[in-house]
Amino acid sequence: MATITVNGKPHTVQASPDTPLLYVLRNEVQLNGPKYGCGLAQCGACTVHVDGQPVRSCVTPVSQVRGPVVTVEGLGTPDKPHPLQKAFIEEQAAQCGYCTSGIIMSAAALLQGKKQVSDQEIRSALEGNLCRCGAHMRVIAAVKKAAGGVA
Amino acid sequence: MTVVALDCGLVINPIGLRAAIEGQIMQGLSRALYEEVHFDERKVTSTDWYSYPIARLEDVPQQVELVLLNRADQPIGGAGEPAIVCFSPAVANAVFNATGIRIRRYPLTPEAVKKALS
């Protein structure tokens, strides 16, 4: 049976190799941060990092996972939140919050190794993450705020 | 510049009210520019986010000003959706202002505007 690393901990996968990574994360690892949105890689709610890159876990077979997986739960803790998590709370950048986990993971990938990001970079990087409530303006504000606090 | 003024009577939570209006702008914009359910003879053909596109982060207006009319002497009116209703006509009015053509059917896609102009 395959083993994957999730948020720094090894996990032995019980599901069949073609099972989407999202199902393994939610059903086996009990991480409900990544969300099932469309199941077609069109909405971004399931976005997690594999080897530091944002991927759509709803269409990624678990057998294809070749690096460490990080979910929104692995970015920070309630006591020590990631700058993005802190900024999203401060800016109240969610309404229903279903898209938030995926947006934060896409934004985290954008901010990796960057000191500053422009409005346009944020808009482009998060273009594939859909939000139905309309928290977009606050998302832009939160990512900008966090950009100052990410090493 | 996008300006929305909202009178919902007494304002209890201004941050929440702003967030609600911002959402309404995006939903109104989405309806005005993108959203339409398509059918063929037998079924709905808008079945995913490619065949039923909605507004995205790229569509956020560059400058937005919100005016909250806090009328404490008035009963609480609610602020769930009103700006959505006004926002789509505002977009259509902007198209009219720019082109002189009234388009009375949403969404105002590039194809629809081009057709109305020809």
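This is a predicted model: local features need pLDDT of at least 70, side-chain atom pairs count only at pLDDT 80 or more; totals for chains, interfaces and linings use all residues.
The largest nonpolar core comprises 48 residues, of which Leu84(A), Phe88(A), Val139(A) and Val143(A) touch the most other members. Both chains contribute to this core: at least two residues each come from α3 (83-90), α4 (100-111) and α6 (136-147) of chain A, and from β1 (2-7), α1 (14-33) and α2 (82-99) of chain B. When neighbours within four places in sequence are left aside, Val143(A) is in contact with Leu84(A), Phe88(A), Ala107(A), Leu110(A), Leu111(A), Ile122(A) and Leu126(A). Another core, of 12 residues, lies apart from the largest one and includes Ile4(A), Val6(A), Val48(A) and Val50(A).

Val24(A) is found in helix α1 of chain A, which spans residues 21-28. Val24(A) counts as buried because its relative accessibility is 1%, against a cut-off of under 20%. Its C-alpha atom is separated by 8.2 Å from that of Gln14(A), 10 residues away along the chain.

Over all chains, the structure holds 11 salt bridges. Within chain A, the side chains of Asp119(A) and Lys144(A) meet in a salt bridge with an N to O distance of 2.6 Å. This pair links distant parts of the chain, 25 residues apart, with Asp119(A) in helix α5 (residues 119-125) and Lys144(A) in helix α6. Both partners are partly exposed, Asp119(A) with a relative accessible area of 23% and Lys144(A) with 43%. A salt bridge also joins the side chains of Glu121(A) and Lys114(A), at 3.6 Å from N to O. Glu121(A) counts as partly exposed at 30% relative accessibility, and Lys114(A) counts as partly exposed at 30% as well.

Between chain A and chain B, the count is 2 salt bridges. In one, Glu35(B) pairs with Arg132(A), the closest N and O atoms being 2.7 Å apart. Glu35(B) is buried, with a relative accessible area of 9%, whereas Arg132(A) is partly exposed at 39%. Elsewhere, Lys86(A), Glu90(A), Glu91(A) and Lys145(A) are joined into one network by salt bridges that share partners. Glu22(B) forms a salt bridge with Arg138(A), with 2.6 Å between the closest N and O atoms.

At the interface, 23 residues of chain A are in contact with 25 residues of chain B. The two chains bury about 2,200 Å² between them, 56% of it on carbon and sulfur atoms. Arg123(A), Arg132(A) and Met137(A) supply 34% of the area that chain A buries against chain B, more than any other three residues. The count of residue pairs in polar contact between the chains is 12, with both residues at pLDDT 80 or more. On the side of chain A that touches chain B, the elements giving two or more residues are α5 and α6 of chain A. Of these, α6(A) gives the most, with 5 residues. The residues of this side divide into 12 nonpolar, 7 polar and 4 charged.

Technical notes
Residues are numbered from 1 along each chain as its sequence is written. Chains are lettered from A and ligands numbered from 1 in the order in which they are written. Side-chain values use heavy atoms; hydrogens and water are left out. Helices (H or I, at least four residues) and strands (E, at least two) are DSSP runs, numbered from the N terminus. Buried means under 20% relative accessible area, exposed over 50%, partly exposed in between (1.4 Å probe, protein chains only). A nonpolar core is a set of buried Ala, Val, Leu, Ile, Met, Phe, Trp, Tyr and Cys residues joined through side-chain atoms within 4.5 Å. Contact means heavy atoms within 4.5 Å. A salt bridge is a side-chain nitrogen of Lys or Arg within 4 Å of a carboxyl oxygen of Asp or Glu. Buried area is the accessible area (1.4 Å probe) that two parts lose on being put together, summed over both. A polar contact is a pair of N or O atoms within 3.5 Å; within protein, one must be able to donate a hydrogen and the other to accept it, and residues adjacent in sequence count only if both atoms are side-chain atoms. Ala, Val, Leu, Ile, Met, Phe, Trp, Tyr, Cys and Pro count as nonpolar, Asp, Glu, Lys and Arg as charged, and the others, Gly among them, as polar.
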